[in-house]
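Please look through the model below before reading on. The notes that follow take up one topic at a time.

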Amino acid sequence: MYTAILEKIEKYNSIVIFGHTNPDGDCYGSQIALRRALKLHYPDKKVYAVGSGVHRFFKMLGKLDVVSEKVIEQSLAIIVDGNDIPRMEDQRIKLALDFIKFDHHIDVGSFTEGPYIVKENATSCCEIILDFLRDNGWEIDQLIAQAILLGVLTDSARFNFVTDYPKVFKDVAFLCEKGASLAPLNYELNQTNEDAAIFKGYVYNHYQKTPHGLIYCKLSKSKLEKYRLSSNTAGSFVNLLSNIRGYPIWAFFCENRDGSIHIEIRSSGPEVQPIALAYGGGGHPYAAGTTIIDPSGEIIEKLINDLDLLAKRWKEEQK
């Protein structure tokens, strides 16, 4: 499985690791872990990770790099936690000499630029990075272990969405043996500010419902500015609507500063990924999203209707 990946890595002296738009803990953790592992294994190579990352963990795990176009033009690009080049946050990736990919989203076959490892049943991309490092006998130090644990913890929604619990918990035990710790990660993830706390109250007072089981909240950029939240940060609160009985699908529609709409969709049963894919996004069966441009609001209303019909069909199947 790894032969083509390793050959590419061996071939290039400069490597740049790219993550997806609106990076989360799994994307950032994958970048940090893989950058560190590559530097340890290939001390003579130049290895970078670019993007905005997750700022709240910079003190714990480190910042990402700022590189020039010239560097990218001379480098192998590694995609982590994203299914294809258009989904990458830094679109200068198109300048790279060559490409490989590590991902756990549903493979739609659009990435054809190089070898890849896709494990759709993996809880996180960090899980795939861990398998890659262990299977090839690479060193895993405390920083790598902590970065991988961040990805596992956040992409599983703190172990609520896991396909293989025995493997994941064995992985976590292994990471803890390497020096990782859940406590500081959970502490940071639990931290909030007053604006965010008030924002949660706004969500609970302004969510909307459809007849058949979608519960959602629309958040304008002016409203997000009031609470000093980016659309990405606001989207991370989507699970506030996860435990309201009778609504198997929940979603946030967050307006970006440029007017586009960042959409996060979650489910406790119906598979929402196909709908996200139909609207230009992707993700996992029960956790997906997309970003669309919709000045008239017609596309949003159509998406809401599609999700409502999905909930209806799913409920009928459960009877």
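1. The lining of the second largest pocket is made up of two nonpolar, six polar and five charged residues. Here Ala, Val, Leu, Ile, Met, Phe, Trp, Tyr, Cys and Pro count as nonpolar, Asp, Glu, Lys and Arg as charged, and the others, Gly among them, as polar. This is a predicted model, in which local features need pLDDT of at least 70 and side-chain atom pairs count only at pLDDT 80 or more, while totals for chains, interfaces and linings use all residues. Residues are numbered from 1 along each chain as its sequence is written, and side-chain values use heavy atoms, with hydrogens and water left out.

2. The volume of the second largest pocket is about 240 Å³. Leu229, Ser230, Ser231, Asn256 and Arg257 are the closest to its centre among the 13 lining residues. Two elements, α10 (221–226) and α11 (231–235), each give two or more residues to this lining, and α10 has the largest share, with three. (A pocket is an open set of points on a 1 Å grid over the protein atoms alone, where a 1.4 Å probe fits, with protein on both sides within 12 Å along at least five of seven lines; lining residues have an atom within 4 Å of a point. The volume is the space filled by probe spheres set on the points, which are joined across faces, edges and corners. Helices, H or I of at least four residues, and strands, E of at least two, are DSSP runs numbered from the N terminus.)

3. An open sheet of six strands runs in the order β6-β7-β8-β9-β11-β10, with mixed pairing (strands pair if DSSP finds at least two bridges between them). β6 (208–209) and β10 (282–283) are at the edges with a single partner strand each, so one side of each lacks a neighbour in the sheet.

4. Is strand β8 (residues 249–255) mostly covered or mostly uncovered? It is mostly covered, with six of its seven residues buried (under 20% relative accessible area, 1.4 Å probe, protein chains only). Ala251 in β8 stands opposite Tyr216 and opposite Ile265 in β9.

5. β8 and β9 form a hairpin with five residues between them. In the turn, Gly259 has a positive phi of about 95 degrees.

How values were computed. Buried means under 20% relative accessible area, exposed over 50%, partly exposed in between (1.4 Å probe, protein chains only).
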